[in-house]
Amino acid sequence: MSPSGAEVLRQIKSRIDEVDPAVVHEQVGNGAVIVDVREPEEWSAGHIPGAVHVPKSYLESRIEGAVPDRSDHVVLYCASGNRSVWAARTLIEDLGYENVESMTGGFTLWKDRGYEVATPRTLTAEQRERYSRHLLLPEVGMDGQQKLLDAKVLLLGAGGLGSPAALYLAAAGVGTLGIVDNDEVDLSNLQRQVIHSTERIGVPKVDSAEQTITALNPDVKVEKYSLRLGPENIMDVLPGWDIVVDGLDNFPTRYLLNDASVRLGTPVVSAAILGFEGQLSVFKPYDGPCYRCLFPVPPPAELAPSCGANGVLGVLPGTMGLLQATEVVKLILGEGDPLVGRLVMYDALAATTTEVKVRRDPDCPICSRHPEAISDEELGVFPDYEAFCAGAH
Amino acid sequence: MATVRIPPVLRAAVGGEKQLSASGSSVGEVLRSVADSHPDTQSQLFASDGGLNRYVNVYLNDEDVRVLDGLDTSVGDGDTLVILPAMAGGAR
């Protein structure tokens, strides 16, 4: 006759190292990886701070994401100390982990001892479904989705670049989107500004964008700024945002934005388009160069194609706006290599990209200085600045 | 011969070409050779003192020539010079 489950468990316990919660308490944040193997509802009700969650039912498929190095010291726990023993056996005997322990008495004993408990913020059932494809990615997961929901991203313009960026950031669950735009939807916008629609011609772009975003994802709060960004209002608009998406159409405002964002330490994900070509870079103050390091002075008006109407292939701002949205999501999650200190040029007709390095300028008039040394009066200041591109748009 | 990539705003000045081949053993020589063949680019590339205009970035392959030796940076056959002007199109 086969041995009972209890008997098998006793046999396994005799082979597995068990460790008291008092010892685990010392080990938290001290090199050991604490793994909670309970079900998601149990984890949501409270867990050991700093633990990672790998439900026992997904142990084999997900443990490598949480603990890639099989020689790492791993402490498993469950509610009472039994499921974690089974899980420890799997890690040691099936998966080759070398240094695995199971916590005696589980989370119940941990709480009884009065040790700290972390209660994670949870997603609603609808959110778990909506973001399920994010939750399956170890690089996003529950923590990453919470970061997205907590993030505040300001879009300068709900136009060619801002439209696709706003749509995908809303879909991704970026919790607060600010939109700065004082234009109304025009028929000629609709060839590329996909957040608007034919029936909204004449409607302020901020209102049109808000309608589309809310219909796509009611989780997203939209803050509307129906204004043209300028020196008189930038310090009212910019503070409080985590990241700025720059799709500005003129140089004076790009320099103004740069100077203010350096002072506030706000990363700017910047793109520009013309014809069949686009440029993209991320300006993260003091981690990398700023816009003035890259372009110390604006070009003269005859070489500044922003000063007037120019043709643009409708899909190009889609490509560039989504590359911006991708960089935004990476910055929020803290994953991957952001496009800091690099600039990508995309040639749609040739289907090629070219990347160049962008260096911090040690003599940069703005970011070589301490942020508090940059005064209001200096923001966006340039010789003949307004004259340079008068009424540029 | 080095390859010189011409940005959209300068293409009219070079007969619409996206890239040119130009001779020279330094960045300055290559760019002056471009300006000699296409005089309309002269004032767009070079300031009156003969230096590069501040609003024109030039990269040897992927490195800004300003952090190399500027116009004196050596250029070999097979190198690519990328001319990058600021662009600001986007929202409207």
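Tutor: Let's start with a term: two residues are in contact if their C-beta atoms, placed from the backbone, lie within 7 Å. By that rule, 20 residues of chain B are in contact with 34 residues of chain A. Keep in mind that this is a predicted model, where local features need pLDDT of at least 70, side-chain atom pairs count only at pLDDT 80 or more, and totals for chains, interfaces and linings use all residues. Residues are numbered from 1 along each chain as its sequence is written, while chains are lettered from A and ligands numbered from 1 in the order in which they are written.

Student: Which element of chain B gives the most to the side that touches chain A?

Tutor: That's β5(B), with 3 residues. Strands here are DSSP runs of E, at least two residues, helices are runs of H or I, at least four, and both are numbered from the N terminus.

Student: What makes residues on that side of chain B nonpolar, polar or charged?

Tutor: Just their type: Ala, Val, Leu, Ile, Met, Phe, Trp, Tyr, Cys and Pro count as nonpolar, Asp, Glu, Lys and Arg as charged, and the others, Gly among them, as polar. The side of chain B that touches chain A has 12 nonpolar, 3 polar and 5 charged residues.

Student: Why are α10(A) and α11(A) called roughly parallel?

Tutor: Helix α10 (residues 162–172) and helix α11 (residues 205–216) of chain A pack at an angle of about 30°. Angles under 35 degrees count as roughly parallel, over 145 as roughly antiparallel, 65 to 115 as roughly perpendicular and the rest as oblique. So α10(A) and α11(A) are roughly parallel to each other.

Student: Which residues of α10(A) and α11(A) meet?

Tutor: A:Ala166, A:Leu167, A:Ala170 and A:Ala171 in α10(A) meet A:Ala209, A:Ile213 and A:Leu216 in α11(A). By class, that's 7 nonpolar, no polar and no charged.

Student: And why are α1(A) and α5(A) oblique?

Tutor: The axes of α1 (residues 5–15) and α5 (residues 83–94) of chain A cross at roughly 60°. Oblique is what's left once the other ranges are taken out, and α1(A) and α5(A) are therefore oblique to each other.

Student: What residues meet between α1(A) and α5(A)?

Tutor: A:Leu9, A:Ile12 and A:Lys13 in α1(A) meet A:Val85, A:Trp86 and A:Arg89 in α5(A). The classes come to 4 nonpolar, no polar and 2 charged residues.

Student: How many residues has chain A, and what share is buried?

Tutor: Chain A has 393 residues, and 43% of them are buried (20 or more other C-beta atoms within 10 Å of the residue's own).

Terms used. Axes are lines fitted to C-alpha atoms, for helices over the stretch in contact, and angles run from 0 to 180 degrees between N-to-C directions. A residue is buried if 20 or more other C-beta atoms lie within 10 Å of its own, exposed if 12 or fewer, and partly exposed in between; C-beta atoms are placed from the backbone.
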